[in-house]
Amino acid sequence: GELGAKFQSRDGQHFATVAAYRIVRNHLAIADPDRPGQTLPVGRQSARGVEATFGWRPWERLWLQGNLAWVDARLDDFYENVGGVPVSRAGNRPTNTPARVGNLWLDYQVDERWSAGVDLRGVSARYADAANALSTAGYALWGAHVSWQWNDRTRITLRGRNLADRTHVIHALGGNMVYLGDPRSWEVVFRQSF
């Protein structure tokens, strides 16, 4: 179930939402970290949490947006085979599930054609195995962008991601393998509307 509220100012310059939820999933399958391409059955997994978003325009040219999420996820009925013996992992947090995630975007309209902004992202530590014995570190990343409105239909944006060039884990597969996030990168986006 979910319960939420939404606010928006009459002029559309400010908004906020908040939602609390509880989700229960029965009879699902997760990837087997020891056998790629295979799955393991999970009898029941549940999560409860709170999510909030906001948008605020303190001045005509400045726009601030963000979101936060807190989640308490649990394996309610899951047995893992450990050396041929089934071991209950009930009460443990599912792998790769952060307890907290947050994002913040700040955009400034310099003039009619130019805009610039920064973005921040934070993700808390996550467990790398169902036993909750191994974990990956949380991380915080930041990026920036500059956009130029060439004409009414064309916009060109230069975007930098992970500008501090932080090494971070975005997904763990058991205790022996992880996928790292992208290092510092740059992209140019050419957007044409018709």
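Me: Buried means under 20% relative accessible area, exposed over 50%, and partly exposed in between (1.4 Å probe, protein chains only). Is asparagine 96 buried or exposed?

Reply: This is a predicted model, where local features need pLDDT of at least 70, side-chain atom pairs count only at pLDDT 80 or more, and totals for chains, interfaces and linings use all residues. Residues are numbered from 1 along each chain as its sequence is written, and side-chain values use heavy atoms, with hydrogens and water left out. The relative accessible area of asparagine 96 is 18%, so this residue counts as buried.

Me: In which loop does asparagine 96 lie?

Reply: Strands are DSSP runs (E, at least two residues), numbered from the N terminus. Phi of asparagine 96 is near 60 degrees, a positive value in a residue other than glycine. Most residues other than glycine have a negative phi. Asparagine 96 sits in the loop between β6 (85–88) and β7.

Me: What is the relative accessibility of asparagine 162?

Reply: Asparagine 162 is in the loop between β12 (154–161) and β13. Its phi is positive too, near 50 degrees, in a residue other than glycine. Asparagine 162 counts as buried, because its relative accessibility is 6%.

Me: What is the strand order of the open sheet?

Reply: Two strands pair if DSSP finds at least two bridges between them. The open sheet has nine strands with antiparallel pairing. The order is β1-β2-β3-β4-β7-β8-β11-β12-β15.

Me: Which are the edge strands?

Reply: An edge strand of this sheet pairs on one side only. The two are β1 (2–8) and β15 (185–192).

Me: By how many degrees are neighbouring strands of this sheet turned against each other on average?

Reply: The axes are lines fitted to C-alpha atoms, and angles run from 0 to 180 degrees between N-to-C directions. For this average, direction is ignored. Neighbouring strands are turned by 15 degrees.

Me: How many buried residues does β1 have?

Reply: β1 pairs with β2 in the antiparallel sense over seven bridges. Glycine 4 stands opposite alanine 19 in β2. β1 is hardly covered: among its seven residues, the count of buried ones is zero.

Me: What phi does glycine 12 take?

Reply: Glycine 12 belongs to the hairpin of β1 and β2, which has five residues between the strands. Its phi is positive, near 75 degrees.

Me: In β4, which residue is the bridge partner of valine 50?

Reply: Strand β3 (residues 39–59) and strand β4 (residues 62–77) run antiparallel. They are joined by 14 bridges. The partner of valine 50 is tryptophan 70.

Me: In β15, which residue is the bridge partner of leucine 158?

Reply: β12 is joined to strand β11 (residues 139–151) by seven bridges, and the two form a hairpin with two residues between them. β12 also pairs with β15 in the antiparallel sense, over eight bridges. There the partner of leucine 158 is valine 188.

Me: Which residues form the largest nonpolar core?

Reply: A nonpolar core is a set of buried Ala, Val, Leu, Ile, Met, Phe, Trp, Tyr and Cys residues joined through side-chain atoms within 4.5 Å. Contact means heavy atoms within 4.5 Å. Leaving aside neighbours within four places in sequence, leucine 40 is in contact with residues including Leu28 and Phe78. The core has six residues: Leu28, Leu40, Val42, Leu75, Phe78 and Ala130.

Me: Which element gives the most residues to the lining of the largest pocket?

Reply: On a 1 Å grid over the protein atoms alone, a pocket is an open set of points where a 1.4 Å probe fits, with protein on both sides within 12 Å along at least five of seven lines; lining residues have an atom within 4 Å of a point. This pocket is lined by 24 residues, with Ile30, Ala31, Pro33, Thr95 and Ala130 nearest its centre. The elements giving two or more residues are β2 (14–31), β3 and β13 (169–173). Three residues come from the top contributor, β13.

Me: How far apart in space are tryptophan 105 and glutamine 65?

Reply: Tryptophan 105 is found in strand β7 (residues 100–109) and is partly exposed, at 34% relative accessible area. Tryptophan 105 and glutamine 65 are 40 residues apart in sequence, while C-alpha to C-alpha they are separated by 5.2 Å.

Technical notes. Helix = DSSP H or I, 4+ residues; strand = E, 2+ residues; numbered from the N terminus.
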